[in-house]
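This report describes selected elements of secondary structure and selected loop residues. The sequence and structure are shown first.

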Amino acid sequence: MTERVEWDELPSDLRNAVEARTGQVDASESVATGFNCSLAMVLDTRGSGRLFLKGVRVSDSSGMAGLLCEERINGVVRGISATIRHRFELSGWLVLTFTHIDGRHVDYSPGTADLGAVTHVLRLTQSLRATAFPVPQLSDRFAGHLKPGEADVLHGTHLLHTDTNPHNMLIPNHGGHACLVDWAMPALGPAWVDAAYTARWLIRFGQTPEDALAWLSGIPSWQQADRKAVETFVRVTCRQAIAQVGERGSATSNTQFRHLLDTPAPRPSRQP
């Protein structure tokens, strides 16, 4: 289970540094969801209003890599994700504060009214391209599970989130499109990949494969996806899952991913 540190447990000089920038913290509430940070909480501050605070110990190399990536990418995903307000690195911690999104996690279940908002934000991500700093190719995370030529098929230049689970998709209470947060493990690849991951989440939360694919068919990049690339994506995803948790442990998830192949073949395209 991920460690969770409360506000009062932080070093006093770190808390003082935060309050020097945000104003006095009147209340804090730890957020239980998320797996790549030890510090995740909502702060009510006198000078900056409500903020989301996220941090990792600098000794946590994996957590540091994710949070530094999220910091670098924040300007690129402005308008799609929450904006970073402050940065602190002292007393063995790296901490970022973000504009708080007043909202709730997305509902992916049957009958949800959230899919319009999800579709809109995913269409916004379609225009995100390679950043000025290095971002790995999607195929890199399948290293050791790729057959010859498969990495080339999955190559792309679009910036992908790669983890559209409901904890990372927030629906603002005031309306508007969804916000896609936690850009700790982005990748470059074909533009349709985040939509494909989202369709799998729809199935995971009870949507029929037919309904999930009907939603997916409304995403322009999916309509133009290369069939060979989609088949390769599904094959390597399933192959990796089997290697990690075995045939039985991966059976449900792999069946959900394989439903992506039930859709009529997209027309061939050379676009990534």
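A crossing of two helices is called right-handed if the near helix is turned clockwise from the far one by less than a right angle, and left-handed if it is turned anticlockwise. The model discussed here is predicted.

## Packing of helices α5 and α8

Two packed helices are described by the angle between their axes and the distance between the axes. For helix α5 (residues 193-204) and helix α8 (residues 227-258), the axes come within 12 Å and cross at roughly 30°. Since angles under 35 degrees count as roughly parallel, α5 and α8 are therefore roughly parallel to each other. Their crossing is right-handed.

On the α5 side, the contact involves Val193, Ala196, Tyr197, Arg200, Ile203 and Arg204. These residues meet Phe233, Ser253, Gln256 and Phe257 of α8. Sorted by class, the contact of α5 with α8 comprises six nonpolar, two polar and two charged residues.

## Strand β2 and its partners

Strand β2 (residues 39-45) has seven residues, of which six are buried, so this strand is largely enclosed by the rest of the structure. On one pairing, β2 is joined to strand β1 (residues 25-30) in the antiparallel sense over five bridges. Within that pairing, Asp44 of β2 stands opposite Ala27.

β2 also pairs with strand β3 (residues 49-57), again in the antiparallel sense, and seven bridges connect β2 and β3. Here Met41 has Leu53 of β3 as its bridge partner. The two strands β2 and β3 form a hairpin, with three residues between them.

## Buried loop residues

Asn74 is located in the loop between α2 (61-73) and β4 (84-90). Is Asn74 buried or exposed? Its relative accessibility is 7%, and because buried means under 20% relative accessible area, Asn74 counts as buried. When residues up to four places away in sequence are not counted, Asn74 touches Ala82, Thr83, Ile84 and Phe98.

Leu128 belongs to the loop between α3 (115-125) and α4 (150-153). With a relative accessible area of 8%, Leu128 is buried as well. Which residues are in contact with Leu128, leaving aside its neighbours within four places in sequence? They are Val76, Val77, Ile80, Thr157, His158, Leu159 and Trp183. Between the C-alpha atoms of Leu128 and Ala214, the separation is 24 Å, and these two residues are 86 residues apart along the chain.

Terms used:
Residues numbered from 1 in each chain as written. Predicted model: local features only at pLDDT ≥ 70, side-chain atom pairs only at ≥ 80, totals over all residues. Heavy atoms only, no water. Axes fitted to C-alpha atoms, helices over the stretch in contact; angles between N-to-C directions. Helix = DSSP H or I, 4+ residues; strand = E, 2+ residues; numbered from the N terminus. Parallel < 35°, antiparallel > 145°, perpendicular 65-115°, else oblique. Contact = heavy atoms within 4.5 Å. Nonpolar A, V, L, I, M, F, W, Y, C, P; charged D, E, K, R; others polar. Buried < 20%, exposed > 50% of the residue type's maximum accessible area, 1.4 Å probe, protein only. Pairing = 2+ DSSP bridges.
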